[in-house]
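This report goes through a single protein model, element by element. Please keep the sequence and the coordinates open while reading.

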Amino acid sequence: MPRPLPKPGVMPARSNTVEEVSAGGVMVDFDSPTFEVAIIARINRAGRLEWCLPKGHLELGETPAQAARREVAEETGVHGDVVTALGSVDYWFSVGGYRIHKLVHHFLLRATGGYLTVANDPDQEAVDAAWIPLDALPEHLSFANERRIVAAARSVLPYYRSVIQST
């Protein structure tokens, strides 16, 4: 049986390797004294629930920052503005006979509107969403690389909170 073709926007690197680029981030309620962050839950390929930062593929012509705003809003229902870049992570996984190399750009986003829901996720990957205080995120997130991104957010949040409050 032939392997399925890669998704649109995914770049084949070699015959069995696919390069994917995604963006997402740490959506923070800056008005919350505990810096609550919107996270989502997904069911992984093994059927287990994983709590993670919202993210998704870049669409044609989108910058990573634009994709992060769109993807986080689609997966959480919360709209926001990009405050700063937090860094990127990359990892490998296999699916459908392909070896996938995924690069994910993460941003700090300031919540500006909307309400927490997974009902508008076009891919229906998110099965739940929650606001979690920033300091409690490490015990909720399933992936070490995302916990490192949250640590980066924690280190810059006091500065950006003061900048936002002074404007």
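## Nonpolar cores

The model is predicted, and local features are reported here for pLDDT of at least 70. Its largest nonpolar core has 23 residues. Inside that core, the residues with the most contacts are V26, V28, I39, L108 and L137. At least two residues of this core come from each of strand 2, strand 3, strand 6, strand 7, strand 8 and helix 3. Helix 3 gives the largest share, 4 residues. Apart from this core lies another of 10 residues, including A23, M27, A38 and V78. As a general background, nonpolar side chains in soluble globular proteins tend to be buried together.

I39 belongs to strand 3, which covers residues 36–43. Its relative accessibility is 0%, so I39 counts as buried. With neighbours within four places in sequence left aside, the contacts of I39 include W51, C52, L53 and P54. Also in contact with I39 are D128, A129, A130 and I132, as well as L137, H140 and L141. One further distance places I39 in the fold: its C-alpha is 18 Å from that of S88, and the two residues are 49 apart in sequence.

## Helix 1

Helix 1 runs over residues 64–76 and has 13 residues. From first to last C-alpha the helix reaches 18 Å, close to the 18 Å expected at 1.5 Å a residue. Which of its residues are buried? They are A67, A68, R70, E71, V72, A73, E75 and T76.

The buried residues of helix 1 pack against strand 2 (17–28), strand 3 and strand 5 (55–57). They also pack against strand 6 (78–95), strand 7 (98–114) and strand 8 (126–133). Just after helix 1, G77 takes a positive phi of about 85 degrees.

T117 sits in the loop between strand 7 and strand 8. Leaving aside neighbours within four places in sequence, T117 is in contact with E75, T76 and G77. The side chain of T117 also reaches the backbone nitrogen of A119 at 3.0 Å. T117 counts as buried because its relative accessibility, 16%, is under 20%.

## Strands 6 and 7

Strand 6 and strand 7 run antiparallel and are joined by 16 bridges. Within this pairing, F93 stands opposite I100 of strand 7. The hairpin of these strands has 2 residues between them, and G96 takes a positive phi near 55 degrees there.

Helix 3 (residues 144–166) holds N145. Leaving aside neighbours within four places in sequence, N145 is in contact with V89 and Y91. N145 is buried, with a relative accessible area of 15%.

## Aromatic pairs

The count of aromatic pairs comes to 3. Two of them are listed here.

| Pair | Distance between ring centres | Angle between planes | Type |
|---|---|---|---|
| F30 and F35 | 6.2 Å | 80 degrees | edge-to-face |
| Y159 and Y160 | 4.9 Å | 80 degrees | edge-to-face |

The F30 and F35 pair is edge-to-face because its planes, at 80 degrees, are over 60 degrees apart. Both F30 and F35 are buried.

Is F35 buried or exposed? At 13% relative accessibility, F35 counts as buried.

Q124 is not a glycine and has a positive phi of about 50 degrees. Q124 lies in the loop between strand 7 and strand 8. With a relative accessible area of 68%, Q124 is exposed.

Note on methods. Residues are numbered from 1 along each chain as its sequence is written. Side-chain values use heavy atoms; hydrogens and water are left out. Buried means under 20% relative accessible area, exposed over 50%, partly exposed in between (1.4 Å probe, protein chains only). Contact means heavy atoms within 4.5 Å. The expected span of a helix is 1.5 Å times one less than its number of residues. Rings of Phe, Tyr and Trp (its six-membered ring) pair if their centres lie within 6.5 Å; planes under 30 degrees apart count as stacked, over 60 as edge-to-face and the rest as tilted. A polar contact is a pair of N or O atoms within 3.5 Å; within protein, one must be able to donate a hydrogen and the other to accept it, and residues adjacent in sequence count only if both atoms are side-chain atoms. A nonpolar core is a set of buried Ala, Val, Leu, Ile, Met, Phe, Trp, Tyr and Cys residues joined through side-chain atoms within 4.5 Å. Two strands pair if DSSP finds at least two bridges between them.
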